[in-house]
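Biologist: I would like to learn how to read a structure like this one, feature by feature. Could you give me the general idea each time, and then the case before us?

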Amino acid sequence: MPLTITNQDIIKYYDECESDYKLLWHLGEQSALHYGFWKEDTRLLRDALRNMNDYVLGILNLKPGNKYLDAGCGIGGTAMYASSLCKCTVHGISLSEKQINTAKTKSGSKNLIGSVDFSVQDFCKTSFESASFDGVYGIESICHAFDKKSFFREAHRLLKPGGYLVVADFFESKSDMDPDEKNLMAKWAESWAVPSFSNFENFIQDAENIGLKLVENNNISQAIQKTARRLYYCFFPGLICHGFLRMFGLRKKTQGRNVWSTYYQYKSLQNKLWDYRVMKFVKN
C-alpha cells in the first residue's frame, strides 16, 4: 500500500535536503538531482549526470522548435540543458517554490529566458491547455505521484497526438516480496517522500489503459550501479556527521532519513528488488 505522503512532504524533503545535494551532487555546475548514466569510460559523476541527460533526451527525440514539459524539474538543470541542446522550448514544473526560484535565477544567468520557463505546479494537475506539448519527460520524479494513473491522464491530455512521454525512474522488479523485502522498500520510499515505487509491469499497463502505448522499455540498472554504490559509501560517514550536527540543532529529521536512504537504496538493489528503467510511450 502507498505510504501517506503528501505534496507538502515532498516539498519539505527537497527543500530541507538541498544542502546534501549541493555537497555531493554538483548542483552549482550540473543542477541535476538524478543518478546519472555511467559508461565504460565515465570517470566523474558530473559526466555521468550529463550522460543521463543525453540518454533521456535522445530517447525523447528532441527537435528544434518543439515544446516540451519537464515534469518534476528540480532546479531546472535538464530543462536548461535540453533547450541549449537543440533550440527547443522547455517548461519545467515542480511543487517546490524554492526549486522554481532557483531554476529561474539560473536560467536568467544563462540567458535562456524565453526558451526555458518554470512554474510551481503539480504534474498530475497542471494549468496548461490540452495538446500543448510535443513531449513530456520525468527523470526520477514520477515515483512521487501518489496516483500514477493521474499523472498518465494529465500527460495524455497535455501531449499532442503522436507526442512522446519518457519516464526514467525506479521500478519494483519483484512482485512476490516477502515481509522483510517489502519493509526495506517501504523504508527507502519513506526516506525520499515517495508514496510507493511502481511495479514496472503495472506501470506499463496503467499507461496503456489511458492511451499511452509503450514503444521502448530500457533496463539500465547496470549504468546506475556506480551511483548506488557511491551513495552507500556515504552512509556511515554521513550518519556520524548527521548525528554530531543534530546535537547542535544544525540538522533535521528529514535530512537524517535522507542519510538512511543511501543504505536502503543500495541494499534493495543488491537484493534485486528494483530496476532502473527508461520507458518511452507515444500518445495514440
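**Reading the features one by one**

Biologist: Which are the buried residues of α2?

Modeller: The buried residues of α2 are Leu45, Ala48, Leu49, Asn51, Met52, Asn53, Val56, Leu57, Ile59 and Leu60. Buried means under 20% relative accessible area, exposed means over 50%, and partly exposed is in between, with a 1.4 Å probe and protein chains only. Helices (H or I, at least four residues) and strands (E, at least two) are DSSP runs, numbered from the N terminus. Please keep in mind that this is a predicted model, in which local features need pLDDT of at least 70 and side-chain atom pairs count only at pLDDT 80 or more, while totals for chains, interfaces and linings use all residues. Residues are numbered from 1 along each chain as its sequence is written, and side-chain values use heavy atoms, with hydrogens and water left out.

Biologist: How many residues does helix α2 have, and what span does it reach?

Modeller: The expected span of a helix is 1.5 Å times one less than its number of residues. Helix α2, residues 45-60, has 16 residues and reaches 23 Å from its first C-alpha to its last, which is close to the 22 Å expected. Just after α2, asparagine 61 takes a positive phi of about 65°.

Biologist: Which phi value does alanine 131 have, and where is alanine 131 placed?

Modeller: Alanine 131 has a phi near 55°, a positive value in a residue other than glycine, and its place is in the loop between β3 (116-120) and β4 (133-139). With a relative accessible area of 35%, alanine 131 is partly exposed. Across the sequence, lysine 160 and alanine 131 are 29 residues apart, yet in space they are 4.2 Å apart, C-alpha to C-alpha. Lysine 160 belongs to strand β5, residues 159-172, and is partly exposed, at 32% relative accessible area.

Biologist: And lysine 272, is that residue buried or exposed?

Modeller: Lysine 272 counts as exposed, because its relative accessibility is 65%. Its phi is near 60°, again a positive value in a residue other than glycine, and the residue sits in the loop between α10 and β7 (274-283).

Biologist: How many salt bridges are there in the whole structure?

Modeller: A salt bridge is a side-chain nitrogen of Lys or Arg within 4 Å of a carboxyl oxygen of Asp or Glu. A search of the whole structure finds 10 salt bridges. In one of them, the side chains of glutamate 16 and lysine 252 meet at 3.7 Å, N to O. Glutamate 16 lies in helix α1 (residues 7-24) and lysine 252 in the loop between α9 and α10, so this pair ties together parts that are 236 residues apart in sequence. Glutamate 16 is buried, with a relative accessible area of 17%, whereas lysine 252 counts as partly exposed at 44%.

Biologist: How many residues apart are glutamate 154 and arginine 157?

Modeller: They are three residues apart in helix α5 (residues 148-158), which means that about one helical turn separates them. Glutamate 154 counts as buried at 8% relative accessibility, and arginine 157 as partly exposed at 27%.

Biologist: Which residues form the nonpolar patch on the surface?

Modeller: Patches are made of residues with over 30% relative accessible area and no salt bridge, where like charges are joined within 9 Å and nonpolar side chains (Val, Leu, Ile, Met, Phe, Trp, Tyr) within 5 Å. Accessible areas come from the Shrake-Rupley method with a 1.4 Å probe, and for residues only the protein chains shown count as cover. The nonpolar patch consists of Phe244, Leu245, Met247, Phe248 and Leu250, with about 570 Å² of accessible area together. Phenylalanine 248 is placed in the loop between α9 (235-247) and α10, and is exposed, with a relative accessible area of 56%.

Biologist: Which residues form the positive surface patch?

Modeller: Lys and Arg count as positive and Asp and Glu as negative, while His and the chain ends are not counted. The place of a charge is taken as NZ of Lys, CZ of Arg, CG of Asp or CD of Glu. Here the positive patch is formed by Lys12, Arg246, Lys253 and Arg257. Arginine 257 lies in helix α10, residues 253-270, and is partly exposed, with a relative accessible area of 36%.
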